[in-house]
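Have the sequence and the model open as you read.

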Amino acid sequence: MSTQDLLQFIFAGLTGGAIYALIALGFCVVHNTMGIVNFAQVDFVSLGGMLLYSALFSLGLAMPLALVGAVFGVVLVAMLVERIGIRPARSSDPLVLIFLTIGLSIILRGAMVLIWGKNRMGVPPLSGEEPLRLLGAALMPQTLWILLLTGLAIGVLAWFYRKTRLGLSMRAVATNPAAAAVVGLPVGQVRMWTFGLAGGLGGLAGVLVTPITTLSHDVGVLLGLKGFAAAILGGFGSLPGAILGGIGLGLLESLSAGYISSAYKDVCAFVILLLVLFVRPQGFLGKSN
């Protein structure tokens with residue numbers, strides 16, 4: 001294949017990889033603070049797309065307002081999930097809490113079916129559909145938005161953890177919850193905001209990917225699974241690893257689809273994931289036990 005084809009596959013891989021990175025970051029944010037895998041993260045992705053659809057076609061909002069509103073809507077839902085669904089649990093066993101997130105995921109998916117139904121839907125891209133040409137390869141405007149907003153989200157996340165009081169509190173709770181409570185940090189509220197942050201990352205992934213895929217109540221399941229795989233590939237709990245794992249997985253998918261077969265792109269990506277973990281079980285940037 002030509003250099004033009006290779007470049008086209010790289011663009012496609014970066015597009016998918018950016019989405020996986022956002023989802024993987026959401027998984028890592030909750031894991032670092034609470035020590036659990038939040039399987040409701042996959043439904044935050046679907047919910048972001050659903051809220052964007054309603055904001056555009058039911059409320060008639062302009063795309064920028066609809067996008068911001070959809071992301072903040074998912075943030076609120078995620079905070080309610082923690083406050084109502086997770087915090088009242090009498091057990092602090094991580095395994096119990098993980099099963100709780102699975103149950104909450106099923107509830108969220110059922111609620112989306114009741115509100116929006118099972119029909120496939122679609123939303124327009126953030127701006128035009130006229131592709132740009134770069135060295136002969138077509139670059140869609142939506143791809144540029146995905147890369148730009150993902151990069152912006154990563155930058156804001158890094159600033160948030162290093163410079164804001166809430167971000168520093170999240171890091172303290174992640175390091176030692178008991179000590180954080182002793183010095184007066186509201187651990188429960190910090191964990192609620194952590195869920196909100198993860199929801200915002202998942203919701204952003206949902207609103208960005210929706211214009212290039214069909215929208216339904218379960219669209220986030222496969223995307224979420226790949227985001228989870230990206231988090232493991234990069235080193236579960238490592239934020240830089242989540243970004244690296246997401247981009248790597250997206251490129252693996254795209255290149256295997258182009259040079260082998262699109263029918264095996266998921267298989268190839270996960271087989272390579274397994275091979276990497278056989279050699280380095282902690283992932284690219286994870287710490288050895």
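## Layout of the chain

From the N terminus, the elements of the protein chain run α-α-α-α-β-β-α-α-α-α-α-α-α. That is 11 helices and two strands. Both are DSSP runs numbered from the N terminus: helices are H or I with at least four residues, strands are E with at least two.

The model is predicted: local features need pLDDT of at least 70, side-chain atom pairs count only at pLDDT 80 or more, and totals for chains, interfaces and linings use all residues. Residues are numbered from 1 along each chain as its sequence is written, and side-chain values use heavy atoms, with hydrogens and water left out.

## Overall dimensions

The C-alpha atoms fill a box of roughly 60 × 50 × 35 Å along the principal axes. Of the 289 residues, 48% count as buried (under 20% relative accessible area, 1.4 Å probe, protein chains only).

## Helix 1 against helix 5

Helix 1 (residues 3-34) packs on helix 5 (residues 141-163) at about 30°, with the axes 9 Å apart. Axes are lines fitted to C-alpha atoms over the stretch in contact, and angles run from 0 to 180 degrees between N-to-C directions. The two helices are therefore roughly parallel (an angle under 35 degrees).

Contact means heavy atoms within 4.5 Å. Helix 1 contributes residues including Phe11, Leu14, Ala18 and Leu22. Helix 5 contributes, among them, Ile146, Leu147, Ala153 and Tyr161. The contact residues divide into 13 nonpolar, three polar and no charged. Here Ala, Val, Leu, Ile, Met, Phe, Trp, Tyr, Cys and Pro count as nonpolar, Asp, Glu, Lys and Arg as charged, and the others, Gly among them, as polar.

Technical notes
Parallel < 35°, antiparallel > 145°, perpendicular 65-115°, else oblique. Buried < 20%, exposed > 50% of the residue type's maximum accessible area, 1.4 Å probe, protein only.
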